[in-house]
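Work through the exercises below with the sequence and the model side by side, and try each task before reading its solution.

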Amino acid sequence: MSGAAGPAGKYKIFIWLTSDNMHHQWLLLAACFWVIFMFMVASKFITLTFKDPDVYGVKQEQLILTAMTKVEKIQVPEEKCLPEEIQPTGKVFSEDLMHQPLVHVKRIELLRNVCRDAALRNLSHTTVSKFVLDRIFVCDKHKILFCQTPKVGNTQWKKVLIVLNGAFSSIEEIPENIVHDHEKNGLPRLSSFSDSEIQKRLNLYFKFFIVRDPFERLISAFKDKFVHNPRFEPWYRHEIAPGIIRKYRKNRTEIRGLQFEDFVRYLGDPNHRWLDVQFGDHIIHWVTYVELCAPCEITYSVVGHHETLEDDAAYILKEAGIDHLVSYPTIPPGITVYNKTKVERYFSGISKRDIRRLYARFEGDFKLFGYREPDFLLN
């Protein structure tokens with residue numbers, strides 16, 4: 001009995017050991033799966049943790065057009081913490097271009113691409129000089145920089161900034177003679193700050209300017225300064241006009257005042273700078289947007305268009321974070337619409353040679369801001 005019981009007992013022990021081993025193996029296998037699962041979760045967490053800063057960096061890099069050419073002159077010292085008074089309150093850039101209306105995305109992309117076009121570099125790039133900094137007006141209270149481009153509705157934008165700076169409580173209260181009096185309108189120019197303060201504002205503030213069809217702007221400048229002269233600025237007719245006539249009028253016996261043909265010949269002359277120096281800052285009414293605002297050197301937040309000013313003005317106020325504080329003055333119907341007939345009429349008596357020379361100078365403005373080359377140049 002004991003011999004028979006011995007093998008049976010051993011068989012039971014063997015079954016028990018086998019079952020126990022299989023139990024341990026299943027536990028071990030389950031533990032392995034658990035470790036693998038935890039490793040996958042940890043890997044995903046690590047990937048997400050270290051990927052987001054890179055993605056953010058890429059988004060920021062896409063929004064930066066180009067470094068300033070005046071970095072050598074205006075260098076911001078490295079600081080761990082910027083003073084409270086220069087911290088921006090508005091948006092320097094939108095966090096994501098996809099959140100902007102498509103038209104503004106396309107404008108910034110076009111500007112960026114043309115700035116990178118080596119073939120147009122001489123027409124699209126300039127130095128961030130005192131002349132440029134004099135054109136940029138500052139609203140420190142709301143962290144805004146506005147580059148003045150005369151003959152594109154700038155008077156109204158100045159009024160908006162004057163109210164924001166607190167000089168007047170409403171646009172309606174601002175006397176017309178105060179708007180352009182920079183001793184009294186409370187609008188400091190960017191050039192009035194130190195180099196380091198200039199650089200900080202360029203880096204941090206919301207920046208914008210407005211453009212319109214380059215040739216239509218020149219017509220507006222000619223009419224405003226040499227034909228109507230509503231603000232009675234006699235130096236345009238009595239000093240600048242005679243200087244242009246003496247150098248560029250073909251028929252010296254002609255005794256009429258400055259004609260648009262004379263004006264075009266002056267602007268299209270590759271040696272126009274000889275007269276520009278004599279005319280001083282009065283040339284701001286007809287020099288290129290590139291010369292005024294350095295759009296390839298300064299990273300502007302928004303570039304508005306005069307032709308769509310009603311929509312663009314509302315968008316700029318919203319992006320700058322001031323739409324609840326001030327409104328852009330009412331725009332008379334049709335005043336901002338491009339007048340092709342008027343442009344063609346003014347240029348109808350101008351030689352193709354003079355028009356081509358004029359376009360050669362302003363080609364950068366046409367290309368940077370998406371304006372078509374005039375049809376009368378293509379015929």
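Two strands are taken as paired if DSSP finds at least two bridges between them, and this criterion is needed for the first exercise. The model is a predicted one.

**Exercise 1. Which order do the strands of the open sheet have, and which strands stand at the edges?**

Solution. Begin with the inventory of the protein chain, which has 16 helices and four strands. An open sheet of four strands is found, with the order β1-β2-β3-β4 and mixed pairing. The edges are taken by β1 (136-139) and β4 (302-305), and because each of these has a single partner strand, one side of each is left without a neighbour in the sheet. On average, and with direction ignored, neighbouring strands of this sheet are turned by 25 degrees against each other.

**Exercise 2. Describe the second largest pocket by its volume, its lining residues and the elements that supply them.**

Solution. Start with the space itself, which for the second largest pocket comes to about 420 Å³. The lining consists of 19 residues, of which T126, H272, R273, E291 and R361 are the closest to the centre of the pocket. Two or more lining residues are given by each of α3 (121-124), α4 (130-135), α11 (273-279) and α12 (289-293), and the largest share, three residues, comes from α11.

**Exercise 3. Is K342 buried or exposed, and which residues does K342 touch?**

Solution. First locate the residue, which has its place in helix α14 (residues 340-347). The relative accessibility of K342 is 15%, and the cut-off for a buried residue is under 20%, so K342 counts as buried. When residues up to four places away in sequence are not counted, K342 touches E216, I219 and K223.

**Exercise 4. What percentage of the residues in the protein chain is buried, and what percentage of its contacts with a separation of 6 or more joins residues 24 or more positions apart?**

Solution. Take burial over the whole protein chain, where buried residues make up 44% of the 379 residues. Then turn to the contacts with a separation of 6 or more, of which 73% are accounted for by residues 24 or more positions apart.

Key: Residues are numbered from 1 along each chain as its sequence is written. This is a predicted model: local features need pLDDT of at least 70, side-chain atom pairs count only at pLDDT 80 or more; totals for chains, interfaces and linings use all residues. Side-chain values use heavy atoms; hydrogens and water are left out. Axes are lines fitted to C-alpha atoms, for helices over the stretch in contact, and angles run from 0 to 180 degrees between N-to-C directions. On a 1 Å grid over the protein atoms alone, a cavity is a set of points where a 1.4 Å probe fits but cannot get out, and a pocket is an open set with protein on both sides within 12 Å along at least five of seven lines; lining residues have an atom within 4 Å of a point. Grid points are joined across faces, edges and corners, and a volume is the space filled by probe spheres set on the points. Buried means under 20% relative accessible area, exposed over 50%, partly exposed in between (1.4 Å probe, protein chains only). Contact means heavy atoms within 4.5 Å.
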